[in-house]
Amino acid sequence: MPSKAKTGKKLVIVESPAKSKTIAKYLGEGFIVEASIGHIRDLPQPSELPAELKKTSVGKFAVDIEHDFKPYYVVSPDKKKKVTELKAALKDADELYLATDGDREGEAIAWHLLEVLKPKVPVYRMTFGEITKEAIQRAMGNLREVDQDLVDAQETRRVLDRLYGYEISPVLWRKVARGLSAGRVQSVVTRMVVDRERERMAFKAASYWDLTGQFGAESGSFKAKLAAVDGAKVATGRDFNDNGELTSRNVAHLNEELATSLAAGLQNADFRVRSVDTKPYTRRPAAPFTTSTLQQEAGRKLRFSSKSTMQIAQRLYENGYITYMRTDSSALSDEAITAARRQASELYGPEYIPQSPRVYSNKAANAQEAHEAIRPAGDSFRTPAQVAKQLSGDEFRLYELIWKRTVASQMGDAKGSTATIRLGAVSADGRDAEFSASGTVITFPGFLAAYEEGKDETRGDDDSDEARRLPNVAKDDSLTAADVQAVGHETSPPPRYTEASLTAELEKKGIGRPSTYASTISTIQDRGYVRKQGSALVPSWIAFSVIRLLEQHFSDYVDYEFTADMEGDLDKIANGQEAGASWLRHFYFGEDSDPGLLSIVNNLGEIDAREINSIPITDEITLRVGKFGPYLESSAAVVDPKTGEIVESARANVPEDLAPDELTAAKAIELMETAAPEERVLGADPHTGHTVVAKNGRYGAYVTEIIPEMTDEELANQPVEYYKNGKPKPPKKPVKAKPRTGSLFKSMTVESVTLDEALQLMSLPRALGEDAEGNLITVQNGRFGPYLKKGTDSRSIGSEEEIFTITLEQALEIYSQPKQRGARAAVPPLAEFGPDPVSEKNIVVKEGRFGPYITDGITNITVPRATSLEELTREQAVELLAEKRAKGPVKRTATRKAPAKKKATAKK
């Protein structure tokens, strides 16, 4: 067979179209750049397997658990066309370059392409940390083969996640709720959020007091705080534990009475300086960004979610503005160090540059991946001003953050001095009171001229005295005192995690990979395990049930240390120190005394679902996680204040926006006492005899009828069906009749609705009659109010009450008018949040066709289902809009109508 003629074409495959456009600019003639658009194949759902495989060892997971856990991959349906296009492009090429990202996932994408395309031409693996001309040229000089160890590591993770999810999730479906999911990292991250909420729920506040005063000297005045009484240090929040107990010895714990009397006794006291202590102050710059620290800082400074940060960073990387954004390394290349030092010197002066370059090492528990830190792309950096016109608002803000952090990392230390003044006096009752004040004066800003790192919320007293200049005083100087007053404090519970602080904690514990933190935090919110309250992450009650079940029956799989060790094992596979198949065999089947996942699942025993879904709030009130959400149930008999009847097992709904730590014993009792009746009997329908009740449901109040079940006698009298051979068929289970229901009008309540009103509501939709063409016209109530319906033509009407009064003639009159679109009276917004920090236009929430949505007049985003309008905050609205902008405009593909087929003419 003759060999294929050379074409001179070289096919380069990357993941994304944006990346393909950028890289194409830097490659020479003859290169064709195509995008795979992510992974081209994956594990199918077991239900999608061929029939002959469903009953084999592959059938349960689409992974052959009996033959080295070999995955059964299929090309994704939406990628079949792309694969065909790539194969066609490969036919005309002499060489194939796989230029997907250089991490494990990128290596796996390259391997899948190799397996599916089956090239018969030379294949080269090309990787680069930034998309610049210099980087592409360097990459072409460092070509290699696909790294099978990295592929094995990524494949092991994929199989591991399938085993974990498919074995544990069904247990959650049976014992907690359908549709829940467990995940190797997501379940551990959920546990961290739940554990923090448990700490807050168990927390007991302690009260303590101190004094503050304004003191004056000839050179100026300053504020100072009481530090000691009679030589004993004054207790602060740090001296108490979470049970409200004083843990420090030899401290003065002031209560309100002692503090107030001391303040009164110091009103005319003779205050003097007792000591002045001055120490040099030095502060070093933070390291350049890793994936984790970028997400943290963008969350603190820009209010971006982790997901939004990574989406924007991806675009900046693909368009050649920054280096690769998934990295654990804080190191800079020699070229980057030179560029940063040169730019710092040009912008701030040579004195701002240290004599030798700064070198940074990784601090993460599981740092790996041989990438550089995230920095501006190129061997010389573009300043934010130089790229401002080429970037969107959010892209510019993130680029500026990365640029500042990179340049600052190679600048000199900030220097200054910290002074501490001790002053005191003796009160009228003889107690010695000593006050303290500290302040830092920066004499050389160093890196602070370019950048200062943000901070997360911390516990304890805020004694930050940076950048506060104190007057020049000396020992024994006399001071005037003004406004000496007692101040009360309470210890605070551990702060809830934000996305930034959760990311930092995950990295510290070595759980998961920093490159997946954003998607994991997004997943636990999408699953309903966690919601945002402002920027804080609050767990749902269903998350408590899930974590409780996992802790009791799958303890290792939500253990922090076990999960971190698992990451270490997976890193060994990536480094070629261990084989993925043997590791998976040990994980799933176990060895000797170490049971595997299969053994644990098969020996679960009885799991008490009621106990798993119950959390005691008081001795008599328990929170239950039910099918329709959380509710309170009292074991004590309660007297109905309206009827005087004794109600056993009274219940009350728990407001969706009530955080778990806010459900105190007092709040639970209040909810039980003020609970609306779950059900109120209105009477019997005179036509059917069925009891009609009004209820409070998850989606609002409604009325319904109770259809009694068939008696044993009625079941026995059911007609008997027979088989063809004359034998009687087993009796069929009767089909349960669907009860009529109707939502209450806005003007009605469960307590006020009458039987007649209920019967009217249950009779909807109401038929008004037919038009001249015989089309039936009905009137009914919908989500957006009452309306008429004729076939597919709907028309709104005025008020809910008109549903029962409008006539056919009035309806025909409405239909005789042209349908109004957009001419309705302006509806006021559901909420307003002030100007958006990016667009500077007013942010409002409006009711739309598909539910409430947030808009600034330019960008629209639907309010997430898990977030109620009442709990939606300005911070969330700004963040949701930022995420939507980060995704960029939706690309709509034009659909071309196929030409009509010509009819075949019959042959004569």
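Visitor: Where does Arg 431 lie, and between which strands?

Guide: Arg 431 lies in the loop between strand 14 (414-426) and strand 15 (432-444). Strands here are DSSP runs of E with at least two residues, helices are runs of H or I with at least four, and both are numbered from the N terminus. The model is a predicted one, in which local features need pLDDT of at least 70 and side-chain atom pairs pLDDT 80 or more, whereas totals for chains, interfaces and linings use all residues. Residues are numbered from 1 along each chain as its sequence is written, and side-chain values use heavy atoms, without hydrogens or water.

Visitor: Why is Arg 431 called buried?

Guide: Buried means under 20% relative accessible area, exposed means over 50%, and partly exposed lies in between, with a 1.4 Å probe and protein chains only. Arg 431 has 14% relative accessibility and therefore counts as buried.

Visitor: What surrounds Arg 431, beyond residues up to four places away in sequence?

Guide: Arg 431 touches Val 229, Asp 230, Leu 258, Ser 261, Leu 262, Ala 425 and Val 426; a contact means heavy atoms within 4.5 Å. Arg 431 and Val 229 are 202 residues apart in sequence, but their C-alpha atoms are 6.9 Å apart in space.

Visitor: What makes the pairing of Arg 431 with Ser 261 a polar contact?

Guide: A polar contact is a pair of N or O atoms within 3.5 Å; within protein, one must be able to donate a hydrogen and the other to accept it, and residues adjacent in sequence count only if both atoms are side-chain atoms. The side chains of Arg 431 and Ser 261 are joined at 2.9 Å, and the pair qualifies.

Visitor: Why is Glu 499 described as buried, and which polar contacts does its side chain make with Gln 525 and Lys 532?

Guide: Glu 499, in helix 14 (residues 499-509), has 9% relative accessibility and so counts as buried. Its side chain makes a polar contact of 3.3 Å with the side chain of Gln 525 and one of 3.1 Å with that of Lys 532. Leaving aside neighbours within four places in sequence, Glu 499 is in contact with residues including Ser 305, Lys 307, Ile 521 and Glu 879.

Visitor: How do you know that Arg 375 is buried?

Guide: The relative accessible area of Arg 375 is 1%, and the residue is therefore buried. Arg 375 is placed in the loop between helix 11 (334-348) and helix 12 (384-387). A polar contact of 2.7 Å joins its side chain to that of Glu 372. Beyond residues up to four places away in sequence, Arg 375 touches, among others, Glu 130, Tyr 321, Phe 381 and Thr 406.

Visitor: What makes a set of residues a nonpolar core, and which residues have the most contacts inside the largest one?

Guide: The set must consist of buried Ala, Val, Leu, Ile, Met, Phe, Trp, Tyr and Cys residues joined through side-chain atoms within 4.5 Å. The largest has 92 residues, and Phe 554, Phe 587 and Leu 632 have the most contacts inside it. Helix 6 (residues 148-175) supplies the largest share of this core, ten residues. Apart from it lies another core, of 56 residues, among them Ala 99, Tyr 321, Ile 337 and Ala 373.

Visitor: Which residues does Phe 587 touch, not counting those up to four places away in sequence?

Guide: Phe 587 touches Leu 160, Leu 163, Tyr 164, Tyr 557, Met 566, Gly 596 and Leu 597.

Visitor: Why is Arg 157 called buried?

Guide: Arg 157, which lies in helix 6, has a relative accessible area of 7% and is therefore buried. Neighbours within four places aside, Arg 157 is in contact with Arg 104, Arg 184, Arg 513, Glu 567, Leu 570 and Asp 571.

Visitor: Why is Asp 592 called exposed, and what is noted about its phi?

Guide: Asp 592 has 85% relative accessibility and so counts as exposed. Its place is in the loop between strand 19 (590-591) and strand 20 (594-595). Phi of Asp 592 is positive, about 50°, although the residue is not a glycine. Most residues other than glycine have a negative phi, and most peptide bonds are trans.

Visitor: Where is a cis peptide bond found, and what is its omega?

Guide: A cis peptide bond joins Leu 764 and Pro 765, with omega about 0°. Pro 765 is placed in the loop between helix 23 (755-762) and strand 31 (766-770).

Visitor: How many helices and strands does the protein have, and what share of its residues is buried?

Guide: The protein has 25 helices and 38 strands. Buried residues make up 46% of its 908 residues.
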